[in-house]
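Colleague: I'm new to reading models like this one. Could you pick one part, take a close look at it with me, and then show me how it sits beside the rest?

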Amino acid sequence: MPEVALKHERIAAVLAREIRSGLVRRGAQLPGEVELAKRFSVSRNTVRSALAVLAEEGLITTRTGKGSFVLFDGRPVDSGPGWSYALAEQGVETRMRTVRIELDRDPELAGRLGLESPEVIVIERLRQLADGPAISIERSRLPALESLRDLPERGLENGSITATLHRAGLHLDHCEQRLRGRPLDAAEAELLGRPEGTWFLHTERTSWTADDRFAEYADCLLDPEHFELNLTDAG
């Protein structure tokens, strides 16, 4: 069944605007989940998913037992893979469809990152516009921790990888990213409904926790008609 995530994306978009505009300052604590749920007339689970999006964007940090605090200080922020609320903010409605979640092995990734085990949880999702056309393939590899090994059966926490990682005790802290363009291979082209060889933006992001534990490797193919990269010189 497609994962329609518009509600929490729109809440994240509203809160992101307030943070970026300076209405909520760096270091300020956001209202609690109950208060936010009342403000937006949604469940606490929806609020948690919205906060997970903001955390993924580097706008807030959540401290267990204390709440969520603003990180953004007005300087340009690398938006990373958090395309959901950026699209929602522009009025573009999308939905996510999970193509697969399975336990697999990735010796190449394990060797490159120096991981003890090559076992990973593979999550592959397709982002589609509300009227149907697919605009991205978003693939993640998570460490096959005991707390994550049942993901193929239970699915993602509120449709969010970040919320799923938080539940497993993995809080994203820092990452490395790369961006390039490349043509779609045959399997990708079939999944996206595009001609083989069509050029897409290709992003790779590897994320770790504050104590340098591997948390996620994300590999995304993005339709350049709907996604773009803006670079700002903050110097």
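Modeller: The protein chain exposes about 12300 Å², and carbon and sulfur atoms supply 48% of that. Areas like this come from the Shrake-Rupley method with a 1.4 Å probe, and for residues only the protein chains shown count as cover. Before we zoom in, keep in mind that this is a predicted model, where local features need pLDDT of at least 70, side-chain atom pairs count only at pLDDT 80 or more, and totals for chains, interfaces and linings use all residues. Residues are numbered from 1 along each chain as its sequence is written, and side-chain values use heavy atoms, with hydrogens and water left out.

Of the 235 residues in the protein chain, 45% are buried. Buried means under 20% relative accessible area, exposed means over 50%, and partly exposed is in between (1.4 Å probe, protein chains only). The secondary structure comes to 8 helices and 8 strands; these are DSSP runs numbered from the N terminus, with helices being H or I of at least four residues and strands being E of at least two. If you take the contacts with a separation of 6 or more, residues 24 or more positions apart account for 60% of them. Contact here means heavy atoms within 4.5 Å.

Helix α2 covers residues 33–40 and helix α3 covers residues 44–56; their axes come within 9 Å and cross at roughly 105°. An axis is a line fitted to C-alpha atoms, for helices over the stretch in contact, and angles run from 0 to 180 degrees between N-to-C directions. So α2 and α3 are roughly perpendicular to each other. The labels go like this: under 35 degrees is roughly parallel, over 145 roughly antiparallel, 65 to 115 roughly perpendicular, and the rest oblique.

Who touches whom? On the α2 side you'll find Glu 33, Val 34, Leu 36 and Ala 37, and they meet Arg 44, Val 47, Arg 48 and Leu 51 in α3. Sorted by class, the residues of this contact are 5 nonpolar, no polar and 3 charged. For that sorting, Ala, Val, Leu, Ile, Met, Phe, Trp, Tyr, Cys and Pro count as nonpolar, Asp, Glu, Lys and Arg as charged, and the others, Gly among them, as polar.

Helix α1 (residues 6–20) joins in too: its axis and that of α2 come within 12 Å and cross at roughly 110°. That makes α1 roughly perpendicular to α2. Here Ile 11, Val 14, Leu 15 and Glu 18 of α1 meet Leu 36, Arg 39 and Phe 40 of α2. This contact has 5 nonpolar, no polar and 2 charged residues. Notice that Leu 36 turns up in the contact with α3 and in the contact with α1.

Now step into the loop itself. Ser 41 sits between α2 and α3, and it counts as exposed at 65% relative accessibility. Its phi is near 55°, a positive value in a residue other than glycine. Most residues other than glycine have a negative phi. Val 42 is in the loop between α2 and α3 as well, but Val 42 is buried, with a relative accessible area of 15%. Setting aside residues up to four places away in sequence, Val 42 touches Lys 7, Ile 11, Ala 37 and Val 47. Val 42 and Lys 7 are 35 residues apart in sequence, yet 8.5 Å apart in space, C-alpha to C-alpha.

For comparison, look at another loop, the one between β7 (199–208) and β8 (214–222), where you'll find Asp 212. Asp 212 has a positive phi near 65° and counts as exposed at 53% relative accessibility. Then there's Leu 148, in the loop between β5 and α6 (151–154). Leu 148 is buried, with a relative accessible area of 0%. Its partners, apart from residues up to four places away in sequence, include Ile 121, Thr 164 and Leu 170.

Arg 127, in strand β4 (residues 119–129), is buried at 2% relative accessible area. Its side chain and that of Glu 138 are joined by a polar contact of 2.9 Å, meaning a pair of N or O atoms within 3.5 Å; within protein, one must be able to donate a hydrogen and the other to accept it, and residues adjacent in sequence count only if both atoms are side-chain atoms.
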